[in-house]
Amino acid sequence: MLSAGQVAAASEGKYDAKEFAMHHVADAHEWHIVGELTIPLPCIVIHDGLHVFLSNKMPAAHHGAAEAEVVETHVAAADTAAHAEDHTAHTEEPAAHAEHHETYNGFYFSDSGRIVHEDGGFTLDLSITKNVATLIIVALIMFLVFTSVAKAYGRREGQAPKGLQSFMEPLIIFVRDEVAKPNLGAKTDKYLPYLLTVFFFIWISNMMGLIPLISNPNLTGNIAVTCALALMTFLITNLHANKYYWGHIFNPPGVPLAIKFILVPIELAGVFIKPVALMIRLFANITAGHIIIISLVGLIFVFGNAGENIGGGVGGALVAVPFTLFMSFLELLVAFLQAFIFTMLSALFISLAQEDHHHDDHAAHAAAAHH
């Protein structure tokens with residue numbers, strides 16, 4: 001289904017870089033692989049019962065065609081003042097056709113990509129979209145990898161790691177010794193399973209987003225996914241927090257009463273700002289990387305005027321290809337770095353919520369001794 005902007009761009013024969021980039025990073029009910037190869041995904045909808053069908057069964061909304069017709073008649077009518085009245089009628093045509101759609105069992109895709117029913121009733125969309133399919137694949141990869149590594153340790157107890165085991169062991173030790181232990185100390189073993197899960201989930205998801213032949217799924221560039229990850233860190237941090245953590249927030253020690261009225265709201269806001277920062281940082285960095293690469297590739301079509309200017313297309317390729325390769329290699333680093341940062345900050349937030357007053361007393365005594 002084409003938006004009004006896409007219809008207008010198509011009618012003018014222009015390449016819309018913004019539309020292409022935003023379409024690339026958005027979720028979808030189908031998985032475009034390469035060229036004309038597209039995999040339809042299951043649509044699961046609850047509306048007066050359960051409905052399950054593949055996304056390719058769903059027709060495009062009828063008003064998309066109406067929009068194309070309106071653009072064409074709008075241009076023709078603008079050529080002469082004698083058709084001013086027809087021009088007004090045509091520009092209002094989408095509203096007249098907005099309620100008429102081709103449907104599959106009464107369902108159709110709205111402009112926002114949601115599945116709705118023609119009767120306008122409540123519709124719960126539980127479809128397997130591209131991001132959901134990617135999440136399932138990542139979960140399966142993690143299950144198979146960690147199961148295989150665990151079995152290898154059981155079979156080769158006391159022996160040097162081998163194969164996949166030798167690849168995973170340094171990463172696991174890195175998360176344990178460089179992320180968990182410096183922050184959590186004696187409580188490392190309690191929270192290490194969560195930290196390892198978060199680290200490898202984000203890293204594998206980021207790496208899958210760099211595979212061009214499967215249309216670069218943008219799992220960690222989806223705000224709902226990063227929100228869920230940040231929410232888990234938020235819950236673990238605050239549900240396991242001790243009384244000294246909450247006492248520092250609601251009754252900061254050694255602070256005059258007048259200042260507490262200012263400081264307490266700030267400290268309380270910080271409880272929620274931390275997970276929000278986790279959520280936005282991961283979402284923004286991954287999405288920005290995808291958009292930059294797509295925009296660089298788009299230079300070829302912009303300079304080449306969508307294939308009409310061969311010289312411009314070649315010139316655009318000479319600029320775009322080297323920068324695209326550079327950004328792709330840089331994204332390999334970013335994929336690991338963002339997984340590391342999210343895991344490190346999660347460990348830090350958890351540790352700060354479990355520090356006791358002895359730590360503060362020790363720091364105060366150390367400062368006094370130093371002076």
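1. Among contacts in the protein between residues at least 6 apart in sequence, what share joins residues at least 24 apart? The share is 68%, where a contact means heavy atoms within 4.5 Å.

2. On the basis of the note: this is a predicted model, in which local features need pLDDT of at least 70 and side-chain atom pairs count only at pLDDT 80 or more, while totals for chains, interfaces and linings use all residues. Residues are numbered from 1 along each chain as its sequence is written, and side-chain values use heavy atoms, with hydrogens and water left out.

3. On confidence: pLDDT is the predictor's confidence in each residue, from 0 to 100. Its mean for the protein is 78, and 77% of the residues reach 70 or more. Residues 1–12 have pLDDT below 50, yet this stretch has 22 contacts in the model beyond near neighbours in sequence. Residues 359–371 also fall below 50, with zero such contacts. Where pLDDT is low, the predicted coordinates should not be read in detail.

4. On overall make-up: the protein contains 13 helices and seven strands; these are DSSP runs, numbered from the N terminus (helices H or I, at least four residues; strands E, at least two). Of its 371 residues, 35% are buried, that is, under 20% relative accessible area with a 1.4 Å probe, protein chains only. The accessible surface is about 21100 Å², and carbon and sulfur atoms account for 68% of that surface; the areas come from the Shrake-Rupley method with a 1.4 Å probe, and for residues only the protein chains shown count as cover.

5. On the sheet: three strands form an open sheet in the order S4-S3-S7, with antiparallel pairing. Strands S4 (50–54) and S7 (124–125) are its edges, each pairing on one side only. Two strands are taken to pair if DSSP finds at least two bridges between them. Strand S3 (residues 42–46) is joined to S4 by five bridges and to S7 by two.

6. Three residues lie between the strands in the hairpin of S3 and S4, where Asp48 takes a positive phi near 55 degrees.

7. On Val225: is this residue buried or exposed? Val225 is buried, because its relative accessible area is 13%. The residue lies in helix H9 (residues 223–239) and touches Phe201 and Leu219, not counting residues up to four places away in sequence. Val225 and Met279 are 54 residues apart in sequence, with 8.5 Å between their C-alpha atoms.

How values were computed. Buried < 20%, exposed > 50% of the residue type's maximum accessible area, 1.4 Å probe, protein only.
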